[in-house]
Amino acid sequence: MTTPDLPAELKAALASRLQGFSRTDAAGRAASISRTYRDGGGSTAIRTENDALAYALARMPATYAAVTASLNALCVIAPHFAPKSLLDVGAGPGTATWAAAEAYSSLRAFTLLDANSALRALALDLAGTSARLRDVSYRQGEARAALADAEPADLVVASYMIGEIGDAERKALADLMWAKTRDTLLIVEPGTPAGFGRIIALREQLIASGAHVAAPCPHDGKCPIAAPDWCHFTQRLPRLRAHKQIKEAELPFEDEKFSYVALTRAPVSQHPARVLAQPVVSKVEVTAKLCTASGLVIAKLPRRAKADYARARRWRWGDAVMEEG
Ligand SMILES: C[S@@+](CC[C@H](N)C(=O)[O-])C[C@H]1O[C@@H](n2cnc3c(N)ncnc32)[C@H](O)[C@@H]1O
């Protein structure tokens, strides 16, 4: 399992770029970028080197943690997957590339693409500090155009990206990303009802094109979750000092909510149930909300079934678990 904390090399690279960058200025830029996000403007507020750095400080630790958690879940289901090539679509500062490099030592070729030149410059600067990522290829342009002539890759990732484009464009991009996927496509989105809505639509679209779900779902069938409920997970991550300053936050950690789907060309061989909320442990029983191959289940594991109870006490939100002991 890869830790959700940014790799030491990346932390050091970010820290060195922070020298001489006023925290008040960075906090102001990060706040204005988040306002634009909330108003539906996506990454358009990120125009300069300092905007890109403020964005990376404020958001990269959390999106890195969400991608890492999703890749950890994928590794449990597909333990022998050893991708050699990565395509990071809407790569921004290169977050998913760093996460995938940590998760898969097999990766050799990294291709990133994004329309934003300030984020691209920062990504190349950060990657330049890493022996493994020094030679990444980073194409600048609209995702679909940049992807069209890219070589297919074993692992294709779009992290916190598909929410920035319109519905029709997203559908076309999903088809193209799938066409460029040799083995696995991972999509990660904010863990909001809207983020989940985009994941579930893309999941359905690509299953119709022959994709199989590796995680989080234990089946390729219709999602059993109905509004107002939505499928999402949470990952706790430590906050760096600069990260706390920029977010004007006190707590030394934050919890990032995310939704994701990992789709594969070949069906996966195991379909464990997925824990969809933090189980409630009482002296009498453990109650857990599970997505299983046959639908949603509220599992109750009574204390008198000693081994099952002991096993279920260790279940965490997001885990893949066997219902029977
Ligand atoms: C929220 S950022 C996420 C960056 C990175 N993937 C991460 O997880 O930290 C979204 C990225 O998608 C890029 N993007 C959005 N629409 C795009 C498009 N149509 N073509 C290329 N890149 C796009 C933005 O420039 C931005 O870098």
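The model is predicted. Helix H2 (residues 23-38) and helix H3 (residues 49-77) pack with their axes 8 Å apart, while Tyr260 is a residue of strand S8 (residues 253-264). The count of disulfides comes to zero, and helix H10 (residues 306-313) has Tyr309, Arg311 and Ala312 among its residues, each of them buried.

**How H2 meets H3**

- The angle between helix H2 and helix H3 is about 80 degrees, which makes H2 roughly perpendicular to H3.
- On the H2 side, the residues that take part are Asp25, Ala26, Arg29, Ala30, Ile33 and Tyr37, and on the H3 side they meet Asn50, Asp51, Ala54, Tyr55 and Ala58.
- The residues of this contact of H2 with H3 divide into seven nonpolar, one polar and three charged.

- Leaving aside neighbours within four places in sequence, Tyr260 is in contact with Ser70, Ala73, Leu186, Ile187, Val188, Ile199, Ala215, Pro216, Phe233 and Arg274.
- One of these contacts, Pro216, is 44 residues from Tyr260 in sequence, yet the two are 7.2 Å apart in space when taken from C-alpha to C-alpha.

**Cysteines without a disulfide**

- A disulfide is a pair of cysteine sulfur atoms within 2.5 Å, and by this rule the count is zero.
- For Cys217 the closest cysteine sulfur is that of Cys291, and because the two sulfurs are 6.3 Å apart, they are too far from each other for a bond.
- Cys217 also counts as buried, because its relative accessibility is 15%.
- For Cys223 the closest cysteine sulfur belongs to Cys231, at 6.4 Å, which is likewise too far for a bond.

**The two sides of H10**

- Tyr309, Arg311 and Ala312 are buried in helix H10, and, seen down the axis of H10, the buried residues fall within an arc of 165 degrees, so they line one face of the helix.
- The face of H10 that is turned away from the buried side carries Lys306 and Ala307, which are exposed.

Technical notes. Residues are numbered from 1 along each chain as its sequence is written. This is a predicted model: local features need pLDDT of at least 70, side-chain atom pairs count only at pLDDT 80 or more; totals for chains, interfaces and linings use all residues. Side-chain values use heavy atoms; hydrogens and water are left out. Axes are lines fitted to C-alpha atoms, for helices over the stretch in contact, and angles run from 0 to 180 degrees between N-to-C directions. Helices (H or I, at least four residues) and strands (E, at least two) are DSSP runs, numbered from the N terminus. Angles under 35 degrees count as roughly parallel, over 145 as roughly antiparallel, 65 to 115 as roughly perpendicular and the rest as oblique. Contact means heavy atoms within 4.5 Å. Ala, Val, Leu, Ile, Met, Phe, Trp, Tyr, Cys and Pro count as nonpolar, Asp, Glu, Lys and Arg as charged, and the others, Gly among them, as polar. Buried means under 20% relative accessible area, exposed over 50%, partly exposed in between (1.4 Å probe, protein chains only). The arc is that of the directions from the helix axis to the C-beta atoms.
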